[in-house]
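Subject: Structure handover and findings

Hello,

Please find the structure below, followed by notes on what was found in it. Could you read the notes with the structure open beside them?

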Amino acid sequence: MKIIHLHQEETKIIKLAVENNRQAQQQIYSKFSSKMLSVCRQYIKDIQLAEDVMITAFMKVFTNLSKFEHKGSFEGWIRRIMINECISYLRVQKKVKFAEDEFFVEESFNEIDSQFTVEQIQYLIDALPDGYKMVFNLYAIEGYKHNEIAKMLGINEGTSKSQLSHARKMLQTQITILKKQDNGTE
Amino acid sequence: MEPNNFEKDFREKLNQREIEPSNKAWDRLDAMLSVAEEKKPTVPLRSVQASKRKWLYIAASFIGFLLVGTLFFNQNKKAVKTPETIVVEKEKEAETEKESVKEPVLNTVDSVKIEIAIAQKTSEETVNKNKKNNSEASEQISNKIIQNETNQIAESSIIKNNQEKQSTNNPPLIDEMSKQDNVDRLLKTAETKILAENAVKSKSKIKINSNDLLDQVDGELELSFREKMIAKINKSYHTVKVAVENRNVKN
C-alpha cells in the first residue's frame with residue numbers, strides 16, 4: 001500500500017511539475033539531485049563541471065517531463081538523461097574519440113576481491129581515460145550491454161568490447177598497486 | 001565478459017553514494033527554468049504562426065502550380081491553333097494573288113506586249129523562281145542548239161508548230177489561218193531574212209517565252225478564263241504577225 005501511495009504521489013508531483021509548478025519541480029530536484037550528482041561524478045572528475053552537467057540534465061528532465069510515460073521507474077528515466085548528458089559533454093566538450101581497434105582479451109578478474117571505499121573506487125575510475133571510463137561505467141556500473149553502449153556512443157560493438165577490456169586491464173594494475181599501498185600502510 | 005567481483009562491489013558502492021550538490025545549484029536551475037517559462041508562452045505563438053505560414057506556403061505553391069498549368073495548356077492550344085491561322089492567311093494570300101492575276105489580265109485586252117508583260121508578271125508571282133530559271137535555261141540551251149544548226153526552216157517549223165498548237169486549241173480560228181496563208185508565206189520568207197541578219201534571237205525568245213508562260217498560266221487558271229486568254233492570244237498573235245510583216249515590208 002505504501003508503494004502504491006508513493007507511486008501515486010510521484011505521478012501527482014510529476015503532473016504538477018509538467019505544469020511548471022516550481023514547488024513540485026524543487027521536490028523532484030531535491031529527491032534525486034544527490035544521487036544524480038553521484039552519477040555525473042562517475043564520468044566527470046571535476047565536481048563543479050559534474051554539477052553543471054547535472055543542472056543542464058535536470059533542465060532537460062523538466063522540459064521533457066511531459067514525454068515521461070510512467071512505464072519504467074522515474075529515477076531510471078532521470079538517470080538515463082543524466083548519463084546521456086555526461087556522454088555528450090565528454091564527446092562534445094572534451095572531444096573524446098575511441099580507438100577503433102577491435103582487439104580485446106577476455107580475462108577473469110574474479111580473484112581480485114576489492115574492499116575499497118567509494119572514494120578509492122572513484123579514484124580508480126578517475127584514473128581511466130575518458131573513453132575507457134565511459135564504456136566501463138556504462139557496462140559495469142549501469143549494466144548496459146555492448147550493443148546498447150555501441151548505440152549510445154556511436155561506435156562499433158567490437159570497439160566497446162575492446163575499450164572495456166583495456167579499462168579492466170588498467171583497473172587491475174591500479175587495484176594491485178592500491179592493495180600494495182594499503183598493505184604497506186597497514 | 002561477465003561483471004567481475006570487484007565490478008559488483010564498485011556498482012553497489014557507487015549506487016549507494018550520494019553527493020549533495022551546492023546550494024547554488026538549485027538557484028541556477030530555478031533561474032534557468034524561469035527563463036524557459038518566459039520563452040514558453042512565445043513558443044506556442046510561434047508554432048501557430050509557423051503553422052499559418054505553412055498553410056500560406058501550401059496555398060501559394062498550389063496557386064503557382066495552377067498558374068503554371070493554365071499557362072502551359074494555353075500555350076499548347078495556341079501552338080495547335082497557329083498553323084491553322086497561317087494556313088488561312090496563306091489561302092487568303094493565294095486568293096489575293098489569283099485576284100491580282102485575274103484583274104489586270106481582264107483589263108488588258110488589246111495590245112500584245114502588255115499581255116506578255118502581264119503573263120511574265122503572273123508567272124513571276126505564281127511560278128517559283130527556280131522553275132523559271134530552269135525553263136529559261138532550257139530555252140537558252142534550245143536556242144543555242146537552234147543557233148548552231150542555224151536552220152531557218154527548223155525555226156519556222158517551230159513557229160508552225162506553235163501556230164498549229166494554238167489552232168488545235170481553238171478550231172474556229174483555222175479558217176482565219178487558211179485565209180491568211182499568203183500572209184504566212186510572206187512572213188516566213190521575211191523571217192528567214194531577218195534570221196539571216198541575226199535579228200532572230202530576241203523574236204524567237206519572245207515567242208517561246210510567251211508560249212511557255214502561257215502554258216504555265218493556263219495550268220493555273222480556270223477553263224473559262226483559259227478560253228478567253230487563248231482567244232486573246234490568238235488575236236494578239238495576228239496583230240504581232242501583222243506588225244512583223246509591216247516591218248519586214250518596210251525593210
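Two aromatic rings of Phe, Tyr or Trp (for Trp, its six-membered ring) count as a pair if their centres lie within 6.5 Å; planes under 30 degrees apart are called stacked, over 60 edge-to-face, and the rest tilted. By that rule there are nine aromatic pairs over all chains.

Some conventions first. This is a predicted model, in which local features need pLDDT of at least 70 and side-chain atom pairs count only at pLDDT 80 or more, while totals for chains, interfaces and linings use all residues. Residues are numbered from 1 along each chain as its sequence is written, chains are lettered from A and ligands numbered from 1 in the order in which they are written, and side-chain values use heavy atoms, with hydrogens and water left out.

Aromatic pairs

One of the pairs is formed by A:Tyr29 and B:Trp26, which are tilted, with 5.1 Å centre to centre and 40° between the planes. Because A:Tyr29 lies in helix 2 (residues 22–43) of chain A and B:Trp26 in helix 2 (residues 23–39) of chain B, this pair joins two chains. Helices here are DSSP runs of H or I with at least four residues, strands are runs of E with at least two, and both are numbered from the N terminus. A:Tyr29 and B:Trp26 are both buried, where buried means under 20% relative accessible area, exposed means over 50%, and partly exposed is in between (1.4 Å probe, protein chains only). A:Tyr29 and B:Trp26 also belong to one aromatic cluster with A:Phe58 and A:Phe62.

Another pair, A:Phe136 and B:Phe10, is edge-to-face, at 6.1 Å centre to centre and 80° between the planes. This pair also crosses between chains, from helix 6 (residues 130–141) of chain A to helix 1 (residues 5–16) of chain B. Both A:Phe136 and B:Phe10 are buried.

The nonpolar core

Which residues touch the most other members of the largest nonpolar core? They are A:Phe136 and B:Phe10, in a core of 69 residues. A nonpolar core is a set of buried Ala, Val, Leu, Ile, Met, Phe, Trp, Tyr and Cys residues joined through side-chain atoms within 4.5 Å. If neighbours within four places in sequence are set aside, the contacts of A:Phe136 include A:Ile125, A:Leu128, A:Ile141 and A:Leu164 in chain A, and B:Phe6, B:Glu7 and B:Phe10 in chain B. Contact means heavy atoms within 4.5 Å.

Chain A

Chain A has eight helices and zero strands. Of its 186 residues, 49% count as buried. Among contacts in chain A between residues at least 6 apart in sequence, 72% join residues at least 24 apart. The accessible surface of chain A is about 9,900 Å², with 51% belonging to carbon and sulfur atoms; accessible areas come from the Shrake-Rupley method with a 1.4 Å probe, and for residues only the protein chains shown count as cover.

Interface and salt bridges

At the interface, 47 residues of chain A are in contact with 30 residues of chain B. The two chains bury about 3,800 Å² between them, 58% of it on carbon and sulfur atoms. Buried area is the accessible area (1.4 Å probe) that two parts lose on being put together, summed over both.

A salt bridge is a side-chain nitrogen of Lys or Arg within 4 Å of a carboxyl oxygen of Asp or Glu.

A:Arg22 forms a salt bridge with B:Glu37, with the closest N and O atoms 2.2 Å apart. A:Arg22 lies in helix 2 of chain A and B:Glu37 in helix 2 of chain B, so the pair joins two chains. A:Arg22 is partly exposed, at 21% relative accessible area, and B:Glu37 is partly exposed at 26%. A:Arg22 also meets B:Asp30 in a salt bridge (2.2 Å, N to O), and A:Arg22, B:Asp30 and B:Glu37 are linked in a network of salt bridges.

Within chain A, the side chains of A:Lys133 and A:Asp130 meet in a salt bridge (3.4 Å, N to O). Both lie in helix 6, three residues apart, about one turn of the helix, and both are buried.

Regards
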